[in-house]
Amino acid sequence: MSTDIIEKKSTSRYLPRSILKYLRAKLERNPTKEEAQKLPASPPSSTDSSTPAITTKSDELKTTLTTTTPLVPPTQIITDVPTMAVPTPPKPPQKARRIALGCEGSANKLGIGVIAHDILTGESTVLSNIRDTFVSPPGTGFLPKDTAHHHRSYFVRVAKRALAEANISISEIDCICYTKGPGMGAPLTSVAVGARTLSLLWNKPLVGVNHCVGHIEMGRAITGAQNPVVLYVSGGNTQVIAYAEQRYRIFGEALDIAVGNCLDRFARTLEISNDPAPGYNIEQLAKQGRKQVLLDLPYAVKGMDCSFSGILTRADELAAMMKQGKKGPDGEPFTPADLCYSLQETIFAMLVEITERAMAHVGSNQVLIVGGVGCNERLQEMMGAMAAERGGSVYATDERFCIDNGIMIAHAGLLAYETGFETPLEESTCTQRFRTDEVFVKWRD
């Protein structure tokens, strides 16, 4: 009976699993008397007289069976039955882009942005760039505790707006980037806590970003500058930078206060509004100044470095004289607009000088201006005149990317993430002192 069943089914190319299970059950059971009598006589074996061999043939399958009483397990009987082919599952579609969410809050601006990098072409696409600014009353600056409170209060709503404008789901985000430093301690900490929270809630890796490198990489991405000398000018930093051997090398910098801090503090002296920014309001006031009136201010260039504290002190003295109705050193009256014009012309001339010296040193004919002060049209104009004389060009961005923003942190963080860099949760601290040349720029040759 067992042999008949096997001979009948062996004509099929593939033996179905249900039939195989049925055969095993039948073969493992000892035959009854009636079944044993019906079994055909087995021819004697040439190799072993005690274990006769039965050979069956079909068109496609040859199976050698060995029968004993009781029959041996079917795993030793059916040895040449081919297994059923299992189709290979299709590969999941490859991701076309990587997406990062960046959180910036090193000063009075809270920015959260989302950027996408095309995996094949490397092109960057800004999906959203939301920013909210803490504005203090005229004549005052922004205190760290008040700024930190602003960032904590607005973090969630700014993050929601950034995600909504980007029109992406949380599952599409690859990493969360945040400003590690430099900046003001309390605001930095507030945003770092927010970034850690998102990382834990969404199970995404963290990437700590140097604020200065974020400005540089965003400027390069927006303008297309290849290997420029970078003038980084903001409220907290003044640096002349050039790239060499996977580091952004600092060739010159401010020795005391930054150029943006100098402008902001002078705006307080004149009680100029901080909305939208004190530096912007000084620029607009300077446009009304008389070009024939250039007040004498200290010009403090020391090699490749600058000093702005002495200039600020002298500008404050002149402002006090103006408020008292006194005339200038040349015996002529002057206005707040004249003061702003003179201040801008002096400090921007200093910046142009040290930038030109750096260009000559590294042999570059490109200048990239980044940072909040880089929005100033007069600075761009003066730098452009210098570059044109050298047969070069100036690259700058508008206020969307010059002023602190989350998208620059997302971009620089995603560049680092694509090289395998991540910041462990226990190391996701922030620091007020984080120099530009401390960062290993692995994503550049």
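**Figure 1. Contacts across the whole chain.** Among contacts (heavy atoms within 4.5 Å) between residues at least 6 apart in sequence, 73% join residues at least 24 apart. The model is predicted: local features need pLDDT of at least 70, side-chain atom pairs count only at pLDDT 80 or more, and totals for chains, interfaces and linings use all residues. Residues are numbered from 1 along each chain as its sequence is written, and side-chain values use heavy atoms, with hydrogens and water left out.

**Figure 2. Surface and secondary structure of the chain.** The chain exposes about 22,700 Å² (Shrake-Rupley method, 1.4 Å probe), and carbon and sulfur atoms supply 51% of that area. Of its 445 residues, 46% count as buried, meaning under 20% relative accessible area with a 1.4 Å probe, protein chains only. The secondary structure comprises 13 helices and 14 strands; these are DSSP runs, with helices (H or I) of at least four residues and strands (E) of at least two, numbered from the N terminus.

**Figure 3. Strand S9 and its pairing with S8.** Strand S8 (residues 229-233) runs antiparallel to S9, joined by 4 bridges; pairing requires at least two DSSP bridges between two strands. Val233 has Thr238 of S9 as its bridge partner.

**Figure 4. The hairpin of S9 and S10.** Strand S10 (residues 247-253) pairs with S9 in the antiparallel sense over 6 bridges. Ala244 has Arg247 of S10 as its bridge partner. This hairpin has 2 residues between its strands, and Glu245 in the turn has a positive phi of about 50°.

Conventions. Buried < 20%, exposed > 50% of the residue type's maximum accessible area, 1.4 Å probe, protein only.
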